[in-house]
Amino acid sequence: MLIIHCPYCGDRPELEFSHGGQAQVVRPADPSKATDAEWTQFLYLRKNTRGLFAERWRHLRGCGRFFNAIRDTTTDQFVVTYRAGEQPPAIGSGGAL
Amino acid sequence: MGNHAVKTTAPVAVDMSWLETPASTARLSFRGNAAAIAAASTAFGVPLPTEACRAATVGTRSALWLGPDEYLLIAPESERLAIIQGFVRDLAAHPHSLVDVSHRQNALIVKGPHAVWLLESGCPLDLDLSRFPVGMCTRTLFEKSEITLWRTGTDTFHLEVWRSFMEYVTALLTETAHELPA
Ligand SMILES: [Zn+2]
């Protein structure tokens with residue numbers, strides 16, 4: 001079974017986690033001023049990166065917290081996980097995140 | 001078909017000494033920031049653990065870390081009202097939430113030399129003492145049911161199971177117990 005490192009609880013089985021989609025999708029600061037195109041971008045349009053990808057994950061059946069992960073979408077390897085609100089650690093020779 | 005006698009076997013009596021169902025208990029779900037957690041420790045009389053996945057007990061009251069700002073507080077049913085009133089009194093200045101979840105879930109005690117073996121039949125965690133020491137607690141899964149698992153002794157585990165999943169969890173553990181050597 002794949003082991004995922006929860007930044008709060010430590011190494012835990014993947015069964016306890018749920019996927020939360022692309023990370024760092026920023027909500028428009030002033031929603032009433034956002035154009036339809038900006039809303040479309042925020043609500044619906046996501047990257048489909050091959051390689052290293054920044055994602056949100058949730059330790060649903062554990063501490064319940066959302067956190068960030070950088071995962072290689074070709075190998076399913078979790079390169080690093082870090083708490084929400086923290087800066088992503090530098091990744092050597094990275095693909096575009 | 002011939003005249004073969006159908007061989008019947010009496011139901012096997014399963015040793016259920018590994019299972020205990022404790023008396024009703026007060027359960028409170030507490031959430032708050034660091035200042036509220038400090039105030040709650042005083043109000044509840046148990047220092048709420050700041051280390052992840054750890055429980056603390058003072059007398060009859062226990063505080064289980066479930067998340068960085070979330071705890072399950074367990075106490076005798078008779079103290080429930082006094083605890084709630086204490087929080088209302090002592091935490092007025094701290095934004096927090098305190099929810100009475102006493103009847104959302106029930107407890108099971110799984111104990112004895114086969115406790116780890118029984119639980120590992122449905123729980124994906126490594127329950128070796130070096131990885132899951134006495135005093136550790138966490139939400140996790142037992143088969144398809146969410147449980148809170150708390151190791152209260154080397155061979156003793158306290159499980160909190162949501163009521164609608166209690167029959168499911170108990171039945172699966174009992175099924176596994178059929179394989180225990182008589
Ligand atoms: Zn966690």
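What follows is a chat between two colleagues about a predicted model.

Colleague: What makes A:C6, A:C9, A:H59 and A:C63 the protein donors of the zinc ion?

Modeller: Distance. A:C6 (SG), A:C9 (SG), A:H59 (ND1) and A:C63 (SG) lie 2.0 to 2.4 Å from the zinc ion, and the cut-off for a donor here is within 2.8 Å of the metal. So these atoms count as donors. Along the sequence the donor residues are spaced C-x2-C-x49-H-x3-C. A:C6 sits in strand β1 of chain A and A:C63 in the loop between β4 and β5 of chain A, 57 residues apart, so this pair links distant parts of the chain.

Colleague: Why is the arrangement around the zinc ion called tetrahedral?

Modeller: The four donor atoms subtend angles of 103 to 116°. For four donors the label needs all angles between 85 and 135 degrees.

Colleague: How do you know whether A:C6 and A:C63 are buried or exposed?

Modeller: By relative accessible area: A:C6 has 1% and A:C63 has 0%. Buried means under 20%, so A:C6 counts as buried and so does A:C63.

Colleague: On to chain B. What makes β3 and β6 the edge strands of the sheet?

Modeller: The five strands form an open sheet in the order β3-β4-β5-β2-β6, with antiparallel pairing. β3 (55-58) and β6 (96-100) of chain B each pair on one side only, and that is what puts them at the edges. Neighbouring strands are turned by 20° against each other on average, direction ignored.

Colleague: How do you know that β2 and β5 of chain B pair?

Modeller: Count the bridges. Strand β2 (residues 25-32) and strand β5 (residues 70-76) of chain B have seven bridges in the antiparallel sense; pairing takes at least two, so they qualify. If you want a spot to look at, B:L28 stands opposite B:L73 in β5(B). Helix α1 (residues 34-44) of chain B lies across β2, β4, β5 and β6, running at about 155° to β2(B).

Colleague: Why is the contact of A:R65 with B:E70 called a salt bridge?

Modeller: The closest N and O atoms are 2.7 Å apart, and the cut-off is within 4 Å. So it counts as a salt bridge. A:R65 lies in the loop between β4 and β5 of chain A, and B:E70 in strand β5 of chain B, so the pair joins two chains. A:R65 is buried at 13% relative accessible area, and B:E70 is buried at 10%. Both belong to a network of salt bridges that also links B:R31, B:D69 and B:R139.

Colleague: What about A:R71 and A:D76: buried, partly exposed or exposed?

Modeller: A:R71 has 14% relative accessibility, under the 20% limit, so A:R71 is buried. A:D76 has 35%, which falls between 20% and the 50% limit for exposed, so A:D76 is partly exposed. The two form a salt bridge, with the closest N and O atoms 2.8 Å apart.

Colleague: And what makes B:R27 and B:E160 a pair that ties parts of chain B together?

Modeller: Their salt bridge has its closest N and O atoms 2.5 Å apart. B:R27 lies in strand β2 and B:E160 in strand β10 (residues 156-162), so the pair ties together parts that are 133 residues apart in sequence. Both B:R27 and B:E160 are buried. Over all chains, the structure holds 16 salt bridges.

Definitions and conventions. Residues are numbered from 1 along each chain as its sequence is written. Chains are lettered from A and ligands numbered from 1 in the order in which they are written. This is a predicted model: local features need pLDDT of at least 70, side-chain atom pairs count only at pLDDT 80 or more; totals for chains, interfaces and linings use all residues. Side-chain values use heavy atoms; hydrogens and water are left out. Donors are N, O and S atoms within 2.8 Å of the metal (3.2 Å for Na, K and Ca); water is not among the atoms, so sites may look incomplete. Four donors count as tetrahedral if all angles lie between 85 and 135 degrees; four count as square planar and six as octahedral if opposite donors are over 155 degrees apart and all others between 65 and 115; anything else is irregular. Helices (H or I, at least four residues) and strands (E, at least two) are DSSP runs, numbered from the N terminus. Buried means under 20% relative accessible area, exposed over 50%, partly exposed in between (1.4 Å probe, protein chains only). Axes are lines fitted to C-alpha atoms, for helices over the stretch in contact, and angles run from 0 to 180 degrees between N-to-C directions. Contact means heavy atoms within 4.5 Å. A salt bridge is a side-chain nitrogen of Lys or Arg within 4 Å of a carboxyl oxygen of Asp or Glu.
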